[in-house]
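Please open the model in the viewer and keep the selection panel at hand. The stops below proceed from the whole chain to a single side chain.

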Amino acid sequence: MSINEILESALELPVNKRVIIADLLNQSLNPMEKDIEQNWIKEVNKRLELLDKRELETLSYDEFFNEN
């Protein structure tokens with residue numbers, strides 16, 4: 001399969017599938033260092049836990065974008 005055939009096939013996919021492909025391609029070009037990735041995973045898990053416990057202050061979309 002040529003690059004043009006792959007591109008044509010990819011462009012026929014729904015947007016959400018193209019986003020996944022684009023993200024995976026970007027990750028392959030810009031790999032994250034393992035220690036940084038692990039720290040991000042820990043931070044996300046910590047925030048999810050706080051969110052589940054209702055101990056994390058959150059903002060609505062409108063609050064966030066109208067504060068500035």
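**Overall dimensions**

Select the C-alpha atoms of the protein chain: their radius of gyration is 18 Å, whereas a compact globule of 68 residues would have one near 11 Å (the globule rule is 2.2 Å times the number of residues to the power 0.38). Along the principal axes, these atoms fill a box of roughly 50 × 35 × 25 Å.

This is a predicted model, in which local features need pLDDT of at least 70 and side-chain atom pairs count only at pLDDT 80 or more, while totals for chains, interfaces and linings use all residues. Residues are numbered from 1 along each chain as its sequence is written, and side-chain values use heavy atoms, with hydrogens and water left out.

**Secondary structure**

Switch to a cartoon display. The protein chain has four helices and zero strands, in the order α-α-α-α along the sequence; these are DSSP runs, with helices (H or I) of at least four residues and strands (E) of at least two, numbered from the N terminus.

**Burial**

Colour by relative accessible area. Buried residues make up 1% of the 68 residues (buried means under 20%, exposed over 50%, partly exposed in between, with a 1.4 Å probe and protein chains only).

**A negative patch**

Select Glu 57, Asp 62, Glu 63 and Glu 67, which form a negative surface patch (residues with over 30% relative accessible area and no salt bridge, like charges being joined within 9 Å; a salt bridge is a side-chain nitrogen of Lys or Arg within 4 Å of a carboxyl oxygen of Asp or Glu). Finally, centre on Glu 57, in the loop between α3 (34-52) and α4 (61-66). Glu 57 counts as exposed because its relative accessibility is 73%.

Notes
Patch = residues over 30% accessible without salt bridge, like charges linked within 9 Å, V, L, I, M, F, W, Y side chains within 5 Å. Areas by Shrake-Rupley, 256 points an atom, 1.4 Å probe, with all protein chains shown as cover. Lys, Arg positive; Asp, Glu negative; His and termini not counted. Charge placed at Lys NZ, Arg CZ, Asp CG, Glu CD.
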